[in-house]
Amino acid sequence: MSYINPVPIMRRGHDTPEMSRIYAMMLKFIKFPCKYFQLWNVRPNCGYFFTGSHWYGADQNQMAFITAFMSKYGDFDEELAGITREEIRDMCIKTIRYSCFTHDTGPEDCVRVMGRNKLQSGTKWGGNYVPWPGPRNKFFQSSQVGGSITSLGFAVWIMWEDLDEETRQMAYNAITDYAERWVNY
Amino acid sequence: MSYINPAPIKSDGYRTPETERIYKMLMRFIKFPAARFHLWDVRPNCGYFFTGCHWYGTDQNEMALITAFLAKYGDYDEELAEVFREKVHDMAIRTLRYSCFTHDTGPEDCIRVMGRTKQQAGTKWGGNYVSWPGLRSKFFQSSQVGVSISYFGLAAWILWEDLDEETRQMAYNVITDYARRWAQEESRDGVHFDTQAEENGWTGLGIFTAAAIFPDDPEAKTWREGAIRWILDAATTPLDMYSRRKLSDGTPLRSIIDHITIHPDYTTENHRVVHPDYLNAPLVFRARMNLFSALSGAGSFPGIEHNWENIYGNVFKPCASFEGGAIPIQSQDWWYYKIHEVVVTHTASRLLFNDPYGALLEKKCLDTLEATQLGHSEGTFMAENTDECIISSSYQILSDFEPHVAVYLTIVYLYHMCLGEGVKPSAPEEFESALGGVRNYPFGGSVIKRGERSFSAFTHRNCPIAFTLPEDKMWTITVPPCSAFGCMKFKDDCSEDYALSNQEYIRYSENTRIYHDKNNFAASATIDRGLGRIKQDVSFITLPDESTVYFRRVRAIENCSLEYFTSGLVGIRNEYYVNLPQHAAGYRMLTVGDNPPEKKEGYVGGDDVISDYEAAPYVALDDKISYLLHGSNGVRYVSHHNYPKWKGIEDFLVLDNYGEVNLKKGEQLPLFLQISLPNKDIEYAKAAYKDFYVSKEGSIDACILSDRLIYSSFINTRSNLSCVFELDRERIPLFEGSASYRNGKYTCSLAVEPRGCGFKDCTGYADGGRDFDSVVLPDGTVLIRYAGETDYHDMKEGEKK
């Protein structure tokens, strides 16, 4: 399946006091996760935040979204952030790719690192793998990936122009896989 | 995949009084479907009953079981049945084969005939084809096939030795297909509006069919575990999720259950209301599931007891109707004479849990079914002309449901055959004594009082209604939507949000208050009418003598025009069953005021006949129930003959009838007050009316009936409230609180809870020939000061009388 290009993001260009406050908070925050970013050498140009294997892929996809946002939006202040914008953009692309490779739709050998979350370490994310027993948990855990998919989707949408063909295809696969699975459930 | 042989059916072959009566009932019934059997030539040796394409294949599979059973069990009497046993056997095999070929697992070209059920005609059955749109319907309709699979499975099991290789293989495929599809699926949650108790129940039953019949199948263990998980989730409350109980095999309950389908008060909702048919689902499907265990010689499956008595004992027994069915406390959208499913629940309670009350209710059901059937020429149970009774105008008639009754009787037979007669029925008096009193269902939204010879209920959610039934309960009075509170139709129809406008169907109320003790309750609520145009305040009080009092006030919030208002609505059952003349004589004698009694005949067909009467102080229906009225705008009786949807013959009595009314903002209708006197005739009502006084003024609505003060406040704070009567009696009853009596004007003051209502019994009498002031303390002490006296004195016991 080849991917389809996303619609352009319609930026309305408002500038409100809330936006400025929030952006300043994000700038102050970003040094914290960046301290915990690590490279992942199973595939080229990949990396992950923290210990790389949180529930539902939420850790990476949230960080992919945050870094995508900070790379592309707002008046980035490198001094306040304590990190360059280019470094953030690089971490963002690496994180999106880590998420794509380790998603159910990625290559079989690409599983998440052995991080702190023992029930998720060494597994793929995306909803196929469900560690908790019982049919109720099957739905609970599989569908909960929706929270994470939306973060990945936002990150990819924001970064689309900067993604290579391989990453675009993988991102398209990850995002649409969830929709196809649940839309007629 | 080749088939596996079933386990042998093991039965101790008990013959009990129940098995004998039921077998006769089934023999009398069989000529009805046999006259509607047709050959099907698409494949050899096939045939079908009725029009061949009912929902979920139930028509054929029920009949396959009934005919298989009659072909193989019992002392068949061809003279009584009027059908040869060999013919019954032949029809059983042909029907089973028709079901096999037309199932999803059968050949593609084998579909059901083009019968009356248009949405099923020309399709396969089995769950793959789903005619209703939407994802919810997909699960609902696909899984519902489990009910049918269990009939089919039982029929095939009974007939197995008589089936050829081809049919055995097909039957194995049909039965196991369902189990494979659902055994490892997740059961569902749902309590409000559309409980999943029913869905989880029938899915467990369908899966268990395969596990019980084919225990040697490699997948049988998975099926059994899956079935038990589904069935227990059909009767699970939120509190069960914390339970540490263990099932009989030691398995922790909590390791199996995981979905909530029952309210903490052991009610649940389906078809938008607390509906007895669907509250029964987790019990009756469990009972049917357990029959497979019994037939295979095993004991009950682990968890059979899970919440059984909580549901059965808390709801079904106290809400039992005269004939053993359950009183639909929030109205009934099917028909009223619908007891065939619950009889299996009673049987299971009797045989599995040694419940003498279950035995009594089983007996009542069998007595009634036997009596009604004996009056019908074709052996049908519910009506004589079942083809004329339209259940759903597009695809269902009562004839479609007659086999339901027969098949459930077959199940009762098989239960007794396996487990014997069981515990003896309790005496009816013992039952009433044990089950009488008040029960409040705060989650379901109803409060009930079961009296020794009556039943009253008030509902404030889902379908708010109030009603009082006499001794034979649903055989005299029915419970249509808006009972007591009335349909209030606005001229503009509130089309902006009709379904929430509380016009012909009340869906919610506000300001609910329920006060109750062990023996009586008093309840009040406000009903919003017409999307905020009108507020109707209602209160309903039960009294120790089993009568009830209903107060109604209506005030306009905006200018509005009503087309009609059927305030004081009462549903009247008016059936004809030749063998039940005491309950269903085919007519009712209505007495309105001092008019002579009028005969109101009950029958299906023709136009409704409407009779209007001037406002009357009392009304009576036979000697079953009478009413005292105050503030009525007129009485109407609707002899109901035209039934687009049949639910038994149900007339309507409107005790406070309004036609067109225009109300200006702030205007009120006069106070209406209705006293229901169950089991009392018109003479009693006339006598009672002489001692019935309604307050003329004051801050509270109240009446004195004989020696009891009944009051209703729609004030939202706790207050000392007063009511003023014009009372010309020799003896003036005294009630808790203070009072004064001046020249025949009697003012009572009492402390009343917010929107409080209730009654006060007389604690003594004052001399009506003298003015007085009195105070009655909560401990019954009466202080009184007659005119001319300076000080109050403590009224002595002798003086009180």
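Guide: Let us begin with a definition: two residues are in contact if their C-beta atoms, placed from the backbone, lie within 7 Å. Keep in mind that this is a predicted model. In chain A, residues 24 or more positions apart account for 65% of the contacts with a separation of 6 or more.

Visitor: How many residues of chain A and chain B take part in the contact?

Guide: In general, the size of an interface is often given as the accessible area lost when the parts come together. Here we can count residues instead: chain B gives 6 residues and chain A gives 7 residues. On the chain B side that touches chain A, 1 residue is nonpolar, 2 are polar and 3 are charged.

Visitor: Now for chain B. Into which domains is it divided?

Guide: Chain B is divided into domain 1 (17-430), domain 2 (436-690) and domain 3 (697-800). The centres of domain 1 and domain 3 of chain B, taken over C-alpha atoms, are separated by 58 Å.

Visitor: Which residues have the most contacts inside the largest nonpolar core?

Guide: That core has 239 residues, and those with the most contacts inside it are B:L26, B:A92, B:A155, B:I175, B:I207, B:I311 and B:Y415. Helix 15 (residues 398-419) of chain B gives the most to this core, with 15 residues. Take B:I311 as a case to explore: leaving aside neighbours within four places in sequence, its contacts include B:A235, B:I262, B:Y266 and B:F316. Apart from this core lies another, of 34 residues, among them A:I93, A:W125, A:I149 and A:V156.

Visitor: How do I read a sheet?

Guide: Strands of a sheet pair through backbone hydrogen bonds, either parallel or antiparallel. In chain B, 7 strands form an open sheet in the order 28-31-34-33-37-38-39, and the pairing is antiparallel. Strand 28 (697-698) and strand 39 (793-794) of chain B are the edge strands, each pairing on one side only. Strand 28 is joined to strand 31 (residues 719-726) of chain B by 2 bridges. The bridge partner of B:E697 in strand 31 is B:V724.

Visitor: Which is buried and which is exposed, B:E697 or B:L721?

Guide: B:E697 lies in strand 28 of chain B and is exposed, with 11 other C-beta atoms within 10 Å. B:L721 lies in strand 31 of chain B and is buried, with 20 other C-beta atoms within 10 Å. Leaving aside neighbours within four places in sequence, the contacts of B:L721 include B:S699, B:I700, B:L750 and B:V752.

Visitor: What about the two faces of strand 21 of chain B?

Guide: In a regular strand the side chains alternate between the two faces of the sheet. Both faces of strand 21 (residues 618-621) of chain B are covered: B:Y618 and B:A620 on one side, and B:V619 and B:L621 on the other, are all buried. Strand 18 (residues 587-592) of chain B runs antiparallel to strand 21, with 3 bridges joining them, and B:T591 stands opposite B:A620. Strand 21 also pairs with strand 22 (residues 625-630) of chain B in the antiparallel sense, over 4 bridges. Within that hairpin, which has 3 residues between the strands, B:D622 takes a positive phi near 50°.

Definitions and conventions: Residues are numbered from 1 along each chain as its sequence is written. Chains are lettered from A and ligands numbered from 1 in the order in which they are written. This is a predicted model: local features need pLDDT of at least 70, side-chain atom pairs count only at pLDDT 80 or more; totals for chains, interfaces and linings use all residues. Ala, Val, Leu, Ile, Met, Phe, Trp, Tyr, Cys and Pro count as nonpolar, Asp, Glu, Lys and Arg as charged, and the others, Gly among them, as polar. Two strands pair if DSSP finds at least two bridges between them. Domain bounds come from an automatic or database domain assignment. A nonpolar core is a set of buried Ala, Val, Leu, Ile, Met, Phe, Trp, Tyr and Cys residues joined through C-beta atoms within 7 Å. A residue is buried if 20 or more other C-beta atoms lie within 10 Å of its own, exposed if 12 or fewer, and partly exposed in between; C-beta atoms are placed from the backbone.
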